[in-house]
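Have the model open while you read.

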Amino acid sequence: MPTVSAHVALTLAQHIDAVFGVMGNGNAYFLDAIETQTSAVFTAVRHEQGAVVAADAHFRASGRIAAGTSTYGAGFTNTLTALAEAVQAHVPLVLVVGDEPTSGPRPWDVDQIALASAVGARTYTVGRADAAATTVIAIEHALTYRVPVVLAIPYDVAALEAGPVANAPSPRVPAPLAPKGEFAEGMLDEIADALRTAERPFLLAGRGAWLAGASTALGELADATGALTASSALGRGVFPDSRYDLGVTGGFGADGAMELIRSADVAVVFGASLNQFTMRFGELFAPGTRVFQVDIAPAATHAHIGGFVRADARVAAEALVSRLTAAGAAAPWRESVDVAAARSYDAGDDLAPDGRLDPRSAARRIAELLPEDRVVVSDGGHFIGWANMYWPVAAPDRMMMIGTAFQSIGQGWPSVVGATLARRESTVVLTSGDGGGLMAIADLESAVRAAGGRGIAVIWNDAAYGAEVNLYGLKGLAEGPMRIPEVDFAAFGAAVGAEGVVVRTLADLDRLATWTEEDAATRRFLLLDLRISGDVIAPYQQEIIRVNS
């Protein structure tokens, strides 16, 4: 007869096809059922944090919910940073964990429900009679509120027989949030009027717009208004026509593009939270710009918003298109500006004055050589500016920054694992610093094993925690704790089956050119260890330095 753990596994596998984790006492029966009784694919990682990170990346790359799993106690506490990141980033996933027996905690047990709650995740605990139903409830909660949930299996019920698995209802997914009431409809009328009469209309969209499926509607709205467009860092590629797109807003944006945005007279923001980085610490828009926001948040998310509509981005964009199409388009501002010139970045020098590689020229050269069909996953750290500035991506699900919502580093390697399973035909490209790369080094092996010849890692190796050097070293604080002895990441990669290349000059990147031409089935994972200069500071970091000084 199926056990409680099998009830969880069999029900979960009806809705989730990928499970990532580390096996232990608390989840052994669950993983046995996943492996022997379901078609779900289990991929082992080497650290429990990686279980949550991989499930997180899988959703961001595919839109399909995935599961992570760990044992109880120390296995569970290892997941907390990644769980907090998924909460902050509004990523639905299910973390299946062992838990203390129903009789009470043992010496090595901790209050896992309290710990999960502390980072914003709800826990559902299964029992002998309700395991399947509770599993459905957990999935439904994750999808409805776009958050991770913890599904706990108490140690003393994990292997109990629970009878045949009953048919459980499918999780409900809420309908898109439509504008409600006279105020919302009136505000849409006001936005439409503002766009209709604007001389320099501008549209900004974030990851929320992509999740809402608003890309087509936003493209139609841009065409109907003659607007220039741009996105948040997590919304890159959401607008279908790149000819009039200014790229990323905030510190990752090109100076010319940001100047054009400041000249807009009307701006409408869809599905972007407008955090301090997107808003350039409050300086993205000029004081005279009328700024409207459409979001599913309960209220406007920035003080500069002059009008707010709570609604799904696609629904609201379609409503605006219908209002504007009937009345005709505004003046085509976008035809009068040189968007390509505005989006250009500093090309950099071959080498920085200290003789090490200039990260700007390296990023530019790598962009020329990367496979077109790629998914970029990013760890956190000073280096995040380079990929966001120099590497274009086709859509928001092809560029993910896992760790930045919670301001953490060390989640890069397991991101490769989740993205690889989500996008089996694409090349997955990791961009990481040496600090974050070392923090999660256990899952370098997982990334190489999972991605094989469809994986590339670019390690921006400046022998330092670059952000700390830039923020606190410049203030005169002791730099010893901010420095890292230069690590040979190429050798690390070779030790687990990758091809490692130390890159000291742009010519060393020629190996990337030949690698992309090889058969993915026979080539190895490629790890590029870029020995970059720490003296070249990313523009977004210069902005942070300015604000903090």
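Buried here means under 20% relative accessible area, exposed means over 50%, and partly exposed lies in between (1.4 Å probe, protein chains only). With that in hand, strand 6 (residues 148–154) is mostly covered, as seven of its seven residues are buried. Pro148, Val150, Ala152 and Pro154 are buried on one side, and Val149, Leu151 and Ile153 are buried on the other. Strands (E, at least two residues) and helices (H or I, at least four) are DSSP runs, numbered from the N terminus.

This is a predicted model: local features need pLDDT of at least 70, side-chain atom pairs count only at pLDDT 80 or more, and totals for chains, interfaces and linings use all residues. Residues are numbered from 1 along each chain as its sequence is written, and side-chain values use heavy atoms, with hydrogens and water left out.

Now the pairings; two strands pair if DSSP finds at least two bridges between them.

| Partner of strand 6 | Sense and bridges |
|---|---|
| Strand 4 (residues 93–99) | parallel, seven bridges |
| Strand 5 (residues 122–125) | parallel, four bridges |

Val96 sits opposite Leu151 of strand 6, while Thr125 sits opposite Ala152.

On to the helices. Helix 3 (residues 48–62) packs with helix 5 (residues 80–88) at about 25 degrees, their axes 7 Å apart. Axes are lines fitted to C-alpha atoms, for helices over the stretch in contact, and angles run from 0 to 180 degrees between N-to-C directions. That makes helix 3 roughly parallel to helix 5 (under 35 degrees; over 145 is roughly antiparallel, 65 to 115 roughly perpendicular, the rest oblique).
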